[in-house]
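Colleague: I have not looked at this one before. Can you take me through some of the details?

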Amino acid sequence: MSVSPENPDLSGQTERGGTGSALREFLRTETGSAAVLVAAALAALGWANLAPSSYEEFWHTHLSVRLGTEGVSLELREWVNSGLMAVFFFVVGLEARREFDMGELRERSRITLPMLAGVSGMLVPVGIYLAVNAGRDSAYGWGIAMSTDTAVALGALALLGRRMPPGLRVFILTVAVVDDFLALAVITVAYSEEVSATPLLAAVAAFGVILLMRAVGVSRGAVYALPAVVAWWALLESGVDPVVTGLAVGMLTYAYPAARDDLERASGLFRLFREQPTAELERSVRLGLASAISPNDRLQQMFHPWTSYAVVPLFALANAGIVLGGEQLSQAFTSPVTLGILFGYLLGKPLGILGASALATRLSRGRLRPSVGWGSVAVGGTVAGVGFTVSLLIAAIAFDGARLEEAKIGILSAVVCSAAATWLVARVIGTLPKYMRLRSLHGRSEEIVDLAEPVDPERDHIRGPHRAPVTVVEYGDFECPYCGQAEPVVRELLADFGDVRYVWRHFPLTDVHLHAQLAAEAAEAAAAQGRFWEMHDLLFAHQDALRLSDLHGYAQELGLDTDRFHRDMRERAGAGRVTEDVESADLSGVSGTPTFFVNGRRHQGAYDIDGLSAAVRIARERAAVAP
């Protein structure tokens, strides 16, 4: 593998395989697509106001898909709302499952509080909406004021930059997933038409087929497509909104880290193809590479950009178009529908989320507490008031005509006002004294530790002060070009931060780099003579010359006892230490190099100086307020 030094990639890895940072990619894509979503909503407003008749005529156009005598005929808006949005909720289900299997929520105790906050953050806005609309038939639209829009909320958080801790994004994501589950349940129970039993039973049977295939270990995603489509069609025919199909199927899709055996098998297949590039081996390589990655990761990689940059913006274009004249606005802002939605989101969401979190913490005597500080929870409460996608979906089901227009104005007003409230709360937090600010943002809850083997100053190779508030651990390979790119970044990091200690642990990828194991053992042979870091630096300076004769030359250049060095290399005296590092890497879920851990948490992101510095600053802030 070669990397251009003129344009180094400081986010890549040499992989045994591995899934990368799915959560990081999810957040990056959602926040990046928020701008596209806003642009689509503005385009819909412009279209509806400049040519209102053409806007409605276009989205009322019927599109039919038929196979023989059977088929589906829907308006374009219905295809978007019931068809494409099922794909969106499929992706939401995938990410929720991945967090449950591999992310923050793998510690089940961390699920309870965000779930309670999510439920309360729906019930309080609904209560406010019902109070404003009490005694009116417009109370039927109570479901509009429930759900947080993940993409827009995370986009609003992104505008705050690095002032907010990363844990807040995970907290909001969890709350939003609870929102989506309950909102789809509400759509199914409260906003579906008269339900037909026979198609509903057919949908249940199709879903049963999916469960059966999952139980027998079918891993090819394409095989699940047919019963999923049948379930979607059957729910549509039954009168139940079929978008629930996507969320259910996504939640059933396992996520797991790549196993070393699968990755080494994939490397072996690739080498065979390199020697004998036949069509049969090419197919084996593709299947081998695919089987090394979990279905969840493959499907997210495939569908997430489409939902973020096409499906959700198209949904906004189809549903956000309303005529904004002076008469319409004055009527809307005296309408209980508009005011119920606006106050439900602007007041109900933060009150529900903050109130439930505080009550759960108090009643549990601190056993349940947010993973972030109370200031961050307040920011999360206000940003959760950004409702859009599901709100518009329910509004289109519950209302039509003037009331639908009033509901849309309420939804869009809540987006603007909640974003402004989020900015205001963040500014207030920013004015607090440093310790209070850090405490309010990060809190005092214990973090999840991803590093299986704690740092041992008596054993580990350490650069920097042995007692420091921040520890950066790198699992690396002396022949890995990406590790070579990271080395000067680590040096700059240590120069910029005097209170950081850096730990090197071996992870030679022997199926990819032929001399990596030998180089690691040479470093250990030098360590036996107290010269580990000098050998470490020489090996990185000569990554393309790591044969045994080269290593002997480096030992002589460093002035080592060459007889002892030769003996240690011949007897493989350092092999046991290297194996211990590899075993600890496996326990920590390491699959490629370089992999960094900052205060025990795996660093998810680029390892350029900005990325690592940001991770160190956050770790240092948390350490300053840690119990």
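Colleague: Where does P594 lie?
Modeller: P594 is in the loop between β7 (592-593) and β8 (595-598). Helices (H or I, at least four residues) and strands (E, at least two) are DSSP runs, numbered from the N terminus. The peptide bond leading from T593 to P594 is cis, with omega near -5 degrees.

Colleague: What kind of model is this, and how are residues numbered?
Modeller: This is a predicted model, where local features need pLDDT of at least 70 and side-chain atom pairs count only at pLDDT 80 or more, while totals for chains, interfaces and linings use all residues. Residues are numbered from 1 along each chain as its sequence is written, and side-chain values use heavy atoms, with hydrogens and water left out.

Colleague: Next, salt bridges. How many does a search of the whole structure find?
Modeller: The search finds 20 salt bridges. A salt bridge here is a side-chain nitrogen of Lys or Arg within 4 Å of a carboxyl oxygen of Asp or Glu.

Colleague: Which residue does D460 form a salt bridge with?
Modeller: D460 pairs with R459, and their closest N and O atoms are 3.3 Å apart.

Colleague: Is D460 buried or exposed?
Modeller: D460 is buried, with a relative accessible area of 7%. Buried means under 20% relative accessible area, exposed over 50%, and partly exposed in between (1.4 Å probe, protein chains only). R459 is partly exposed, at 25%.

Colleague: What about R459 and E580?
Modeller: R459 also forms a salt bridge with E580, with 3.1 Å between the closest N and O atoms. R459 is in the loop between α18 (434-442) and β4 (461-463) and E580 is in helix α24 (residues 575-587), so this pair ties together parts that are 121 residues apart in sequence. E580 counts as partly exposed, at 41% relative accessibility.

Colleague: And which residue does D537 form a salt bridge with?
Modeller: That partner is R463, with the closest N and O atoms 2.7 Å apart. The pair links distant parts of the chain, D537 being in helix α21 (residues 532-541) and R463 in strand β4, 74 residues apart. D537 is partly exposed at 23% relative accessibility, and R463 is buried at 18%.

Colleague: Which residues do salt bridges with shared partners join into one network?
Modeller: That network holds R459, D460, R505, E524, R577, E580 and D581.

Colleague: Changing topic, at what angle do the axes of α19 and α25 cross?
Modeller: The axes of helix α19 (residues 481-496) and helix α25 (residues 609-625) cross at roughly 45 degrees and come within 10 Å. Axes are lines fitted to C-alpha atoms, for helices over the stretch in contact, and angles run from 0 to 180 degrees between N-to-C directions. That angle makes α19 oblique to α25; under 35 degrees counts as roughly parallel, over 145 as roughly antiparallel, 65 to 115 as roughly perpendicular and the rest as oblique.

Colleague: Which residues meet there?
Modeller: V489, E492, L493 and D496 in α19 meet I609, L612, S613 and V616 in α25, where contact means heavy atoms within 4.5 Å.

Colleague: Last one: what is the phi of R365?
Modeller: Phi of R365 is near 55 degrees, a positive value in a residue other than glycine. R365 is in the loop between α14 (336-363) and α15 (374-383), and R365 is exposed, with a relative accessible area of 77%. R572, also not a glycine, has a positive phi of about 55 degrees.
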